[in-house]
Amino acid sequence: MKKKYDVKGMGCAACSARIEKNVGAMKGIQQIDVNLLANSMVVLYDEKVVTSQEIIQEVKDSGYEAKEAEEESHRSSGASEAGREQAGEMKRRFLVSLIFMVPLFIISMGHMLGLHIPHTVNIVIQLVLVIPIIAVNYKYYATGLGMLLRKSPNMDSLIAVGSAAAVALLYFESAGMILTLVTLGKWLEAKAKGKTGAAIERLIDLAPKEATVIRGNVEVKVSPEDIRIGDIVAVRPGEGIPVDGVIVSGETTIDESALTGESLPVDKKVGQQVSSATINRSGYFTFEAVKVGKNTTLAQIIKLVEEASSSKSPIAKLADKVAGIFVPVVMIIAGIAIAVWIIVGTDVRQALTIGISVLVISCPCALGLATPVAIMVGTGRGAENGILVKSAEALEQAHKIQEVVLDKTGTITEGKPKVSDIIAVREDFTLALAAALEKHSEHPLGQAVVKEAIERELEIYETDKFTAVSGRGIQAETDGRMYLAGNREFLRENHIDVRFEESMRLAKEGKTVIYFAEKVSDGGALIGIIALRDMPKPTSRKAIEEIEAMGIDVTMLTGDNQVTAEAIKNELGITNLVAQVMPEDKEKVIGRMQENGKLVAMVGDGINDAPAIIKADVGIAIGAATDIAIDSADVILVKNDLRDVAKMIALSRATIKNIKENLFWAFFYNVLGIPLAAGVLYPFTGWLLNPMFAAAAMSLSSVCVVGNALRLRKIKLEKGEIHE
């Protein structure tokens, strides 16, 4: 079972790392991802071994609060909501701290300002002023000291110990300034966090707050949550579409840019599907609700993006491991610094001041936020462009792709073949017979044959004894005679001669040939040939050029014969081709590429190509606007546009680059700041870092990391390139 929990009390990556370690060690826990950004935890567990209550209790034993997450209404992003709540609290704490900090600072600097206050009175006044600052920020002490007693210190522990030590040394202004500046940093950080889910919230805001349902021939205004499957919903120009459905009356133009990123509106008529969170631009129409509540396209997209944001990439797990041991290491360094300065002859107060600076300048938060903020912003930006990444691991893997394998039908081509040639003595008879054989087939080629016969208003014969041979063809009986339809190999297996020269000519034109023959006991006779042409999508050639321009090899994988496939390959400028591959063998082709050391992405329709998509390092389903919850794919491209493959890779590269920048600056900041605070430059410059400046520097580090991640909101993914 997979369940989401709300977690309270986490202050930094050391907290999330502790929860993951403790809960992950429980029997029956298969996977756990703790999201520091959204204050949430997603656990995959065996309910026969461990219960939800036991998981919650383990979190409580670790020093935090947890409860099962309520069913989401998707009215706000989890991270944004958590960020806003924290920002409100931190703003209040900062303003209260500031009110007392200003006079405290003035009093402490009184001698420099010409104020003559007796020393004892001065100390008492400072103590009176610092107490409210400590009181309003008591959570640092409650959490930090509590975690210290559990032998699992976090960032709050550093703040609590550092400020408490300052108070003990009568450095009241330092203690007050540390708490005030840290809270200021937390406020700014929380405000930035609140913006990380902005992409999803913009999407959510497009969902109408009210809908019109026709009941008893009367239009009734209801909440979208009250719409049920089968309800008839009316939509006027300019209104949003509340749920997914099928148009039953009227024609219109729909703006689907919120879901697909496609700027051009799409014409819709009776029988076509409409999706939630899209906008009706022209025309009044009604539709029957098909998917409502959590099953709508919008709800599924939000769920996928939130799950991706909650998951951990390998690079994030590494950062969390470092953060998990970071605080204890910093406390040890602070202790060593104090001891060294005492040994070299510095008075105890000065040595302790140095130790305080080491504690408060250290920032595990920056390490913990480096990855999740970038993942959340990156996946949200992708969703705005119709690119749905289902996990952080997939987003990380995508930037390393070396080979993109493209299915032909429905991916490179339109997937809607049309009859182009009929070569037979009796053309209508051959087409009618072909339609009779193919009407039971679900293959797109067979359906195209049936469609052509219907359009010509031909009588389609009745058949029985229908048999399909995978990857070869079909056979059925009509009017007492057995007929075959299939490829050249299928007919040859049944000892029937075919017109090879004619089929070669058609194949060289990029057409797929179906042979039709009558089968008798000693072989049979060819009746005719029907050729079909599946046109490449208008954007396919450009998409392939963009992928190759990124230094990635492209291979077309198809079941078509070599000659037909070569024609498509040459027309589109594809470098590599693997043809005449049975559907069940496509995954073997992917496996051979992986054995050769390549990281492979497979792009297909997510249904027939499912085994190959699962086998690939990154599985990509394309054109899945009406079924975005395809289990086999790691990435879903809502639009039926191959150019989004390059955009997805560009998004991955931009996000990973941003993560690496965040991690670099987080590590660089701590590697540089901690030695400075410890006084390594003092022998050369005579300079020591004041704890107040250390607190200011620590506060800004997390803000900088979140701010850098927010730059991803502005990137434009064009031609597989990144533009800010």
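User: What is the relative accessible area of Glu545, which is partly exposed?

Analyst: Glu545 counts as partly exposed, a class that lies between buried (under 20% relative accessible area) and exposed (over 50%), with a 1.4 Å probe and protein chains only. The model is predicted, so local features need pLDDT of at least 70 and side-chain atom pairs count only at pLDDT 80 or more, while totals for chains, interfaces and linings use all residues. Residues are numbered from 1 along each chain as its sequence is written, and side-chain values use heavy atoms, with hydrogens and water left out. For Glu545 the relative accessible area is 39%.

User: Which residue forms a salt bridge with Glu545?

Analyst: A salt bridge requires a side-chain nitrogen of Lys or Arg within 4 Å of a carboxyl oxygen of Asp or Glu, and here the closest N and O atoms are 3.5 Å apart. The partner is itself partly exposed, at 37% relative accessibility, and it is Arg541.

User: Which residue meets the side chain of Lys586 in a salt bridge?

Analyst: The search of the whole structure finds 27 salt bridges, and the one made by Lys586 has an N to O distance of 3.0 Å. This pair links distant parts of the chain, 179 residues apart, with Lys586 in helix H23 (residues 586-595) and its partner in strand E15 (residues 403-407). Both residues are buried, and the partner of Lys586 is Asp407.

User: How far from Glu173 is the nearest side chain of opposite charge?

Analyst: Glu173 lies in helix H7 (residues 172-193), and it touches Met101, Leu104, Ser108, Gln126 and Met692, not counting residues up to four places away in sequence, where contact means heavy atoms within 4.5 Å. Lys and Arg count as positive and Asp and Glu as negative, with His and the chain ends not counted. Glu173 is buried yet has no salt bridge, and Arg349, the nearest side chain of opposite charge, is at a distance of 8.0 Å.

User: Which strands stand at the edges of the open sheet of three strands?

Analyst: The order in this sheet is E10-E9-E12, with antiparallel pairing, and two strands pair if DSSP finds at least two bridges between them. Each edge strand has a single partner strand, so one side of each is left without a neighbour in the sheet; they are E10 (266-268) and E12 (279-282).

User: Which residue of E12 stands opposite Thr253?

Analyst: Strand E9 (residues 252-255) pairs with E10 over three bridges, and E9 also pairs with E12 over three bridges. Both faces of E9 are covered, with Thr252 and Ile254 on one side and Thr253 and Asp255 on the other all buried. Thr253 stands opposite Asp267 in E10, and opposite Thr253 in E12 is Ser282.

Conventions: Helix = DSSP H or I, 4+ residues; strand = E, 2+ residues; numbered from the N terminus.
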